[in-house]
Amino acid sequence: MNFKDPSPAKSAGPTAPKLSVKDILAQFWADAYGKEVQTAATYSYTWLADQFGHLCIGIVVDFAATAVSGLLMVELGWAPNFEYDTGIWPGLIFTIAVVAFWEWRAYQSSVKQATGAFPLDSKLLRDNAIIAAMYMALGAILGFAFHLPLKPAILISAGVVIIAVVLAPPWLRQKIVWQKASIPYLFRLADVAPNIGSEDAKTLQGLLDAGAPPVTAPCQIIIGGPIGSGRTSMAAGIATEFAFKQNKVRYLGLDCLLEFAANTTEHVFPDDAGPTTISYWPWSQAQVVIIDGVGPFVASNQPGREANVARFKAMLQNELGTVAGVLNRCHTVWVIGDLCPPPPRGQFGTVLNEFAKAVAEYCGSLCEPLVVELGLPPPRQQNEGAIFGTTRSAAHTTAVNSVRRVTMN
């Protein structure tokens with residue numbers, strides 16, 4: 001991984017993410033030393049900031065709990081006088097109990113917010129709550145150490161720092177793999193509106209669980225729906241699920257892919273490495289490639305501007321012909337976008353099927369392409385928070401009408 005060199009990839013083909021300790025340290029330094037007003041903020045930076053925040057919360061709550069505990073102990077006659085360290089043990093125990101309860105309630109709230117259409121990644125969610133509680137508990141231990149004499153305070157503080165560092169790499173690795181995919185935002189399929197049929201959800205989930213090339217055969221996915229149906233959310237959701245399963249994903253627009261294809265040679269595949277603080281995975285080496293914004297490029301030049309499948313096929317064979325050998329080796333997700341004006345009522349699914357066949361033919365696919373047809377989402381509804389109210393809405397995006405395999409006959 002190189003954070004500075006934007007040179008095009010010299011080889012092509014899907015490969016799994018590889019991040020060494022040096023790569024993780026380089027990302028940590030880029031996040032810790034950089035300024036978010038000068039450089040792009042990253043998902044790994046957000047995670048680091050969260051954990052520093054959790055440590056500070058633990059320290060502040062411990063100081064407050066220690067002071068209140070000391071006053072109560074004097075009031076109850078359990079201590080003769082109030083000193084700065086009178087209530088350090090009750091304060092520590094109370095703080096750890098409070099932060100553990102808070103994260104448990106946050107975990108329970110997130111579980112309730114999942115719609116059940118797709119399986120909730122409960123293990124990751126649980127582990128996330130545990131790690132947040134642990135960092136707040138470490139902050140409480142730091143607050144506890146600040147009330148001790150110098151030598152034990154230094155020893156305990158050093159131990160806290162070591163534990164905090166040891167806990168970080170697996171989480172930083174996950175964040176780096178996700179952010180290098182260039183996904184516009186994080187979305188989990190467990191938050192998809194619950195109108196999707198169980199068999200449709202199983203079809204899509206089965207593809208996700210099977211893994212990505214070269215472990216499994218390449219497959220083409222077509223996403224389509226009206227404006228506001230959550231096409232990008234669905235694409236981001238599929239990309240996120242693959243990335244969280246430690247697959248190399250790359251999200252890009254069709255305009256970028258067309259430009260890359262126009263300058264591709266036999267061994268050189270131009271690319272945009274993105275911000276220096278991130279350095280995207282090369283699209284030519286990704287296991288899953290998400291191609292957004294197809295719709296405007298396949299509209300007819302005629303006044304009606306109907307979706308033109310013939311034009312799409314011509315673009316695949318001509319403008320994208322140079323990269324067919326790369327895209328036919330990985331999973332590809334094509335976000336068709338707005339087909340303006342919409343096809344006649346009842347014919348939208350047929351049009352999507354034709355696009356799917358065109359992509360499968362272009363990729364020389366041995367498996368049937370998958371179509372994800374979306375409808376308009378339900379109205380937003382408020383969700384309950386962990387303890388207080390929350391501004392997060394209940395799942396309302398990507399109302400999936402159907403997920404189907406399309407035969408090539």
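## A buried arginine and its partner

Let's start with Arg188, which is buried, with a relative accessible area of 17%. Here, buried means under 20% relative accessible area, exposed means over 50%, and partly exposed lies in between (1.4 Å probe, protein chains only). Please keep in mind that this is a predicted model, in which local features need pLDDT of at least 70, side-chain atom pairs count only at pLDDT 80 or more, and totals for chains, interfaces and linings use all residues. Residues are numbered from 1 along each chain as its sequence is written, and side-chain values use heavy atoms, with hydrogens and water left out.

Which residue forms a salt bridge with Arg188? It is Asp121, and the closest N and O atoms of the pair are 3.4 Å apart. This bridge links distant parts of the chain, 67 residues apart: Arg188 is in the loop between helix 5 and helix 6, and Asp121 is in the loop between helix 3 (88–113) and helix 4 (122–145). Helices (H or I, at least four residues) and strands (E, at least two) are DSSP runs, numbered from the N terminus. Asp121 has a relative accessibility of 31% and therefore counts as partly exposed.

## Salt bridges in helix 4 and beyond

A salt bridge is counted when a side-chain nitrogen of Lys or Arg lies within 4 Å of a carboxyl oxygen of Asp or Glu. By this rule the model has 9 salt bridges. In helix 4, Lys123 and Asp127 sit 4 residues apart, about one turn of the helix. Their side chains meet in a salt bridge with an N to O distance of 3.0 Å. Lys123 is exposed, with a relative accessible area of 52%.

Asp127 also forms a salt bridge with Arg126, where the closest N and O atoms are 3.1 Å apart. Arg126 is partly exposed, at 38% relative accessible area. Elsewhere, salt bridges that share partners join Asp121, Arg188 and Glu241 into one network.

Is strand 3 (residues 288–292) enclosed or open? Of its 5 residues, 5 are buried, so the strand is largely enclosed by the rest of the structure. Both faces are covered, with Val288, Ile290 and Asp292 buried on one side and Val289 and Ile291 buried on the other.

Strands count as paired if DSSP finds at least two bridges between them. Between strand 2 and strand 3, the chain passes through helix 8 (residues 254–262) in a right-handed β-α-β crossover. Right-handed means that, with the strands pointing away from the viewer, the path from the first strand over the helix to the second runs clockwise. Strand 3 also pairs with strand 4 (residues 331–335), again in the parallel sense, over 4 bridges. There, Val289 stands opposite Thr332.

## The two sides of helix 8

The buried residues of helix 8 are Leu254, Leu257, Leu258, Phe260 and Ala261. Seen down the helix axis, these residues fall within an arc of 165 degrees, so they line one face of the helix. The arc is taken from the directions from the helix axis to the C-beta atoms. On the face turned away from the buried side, helix 8 carries the exposed residues Glu259 and Ala262.

## Backbone points worth a look

Most residues other than glycine have a negative phi, and most peptide bonds are trans. Ser182, in the loop between helix 5 (150–179) and helix 6, has a positive phi of about 65 degrees. Gln246 also has a positive phi, near 65 degrees, and is located in the loop between helix 7 (231–244) and strand 2. At 35% relative accessibility, Gln246 counts as partly exposed.

Where is the cis peptide bond? It joins Pro213 and Pro214, with omega at about 5 degrees. Pro214 is in the loop between helix 6 (198–209) and strand 1 (220–224).

Ile221 lies in strand 1 and is buried, with a relative accessible area of 0%. Ile221 and Val371 are 150 residues apart in sequence, yet their C-alpha atoms are 5.8 Å apart in space.
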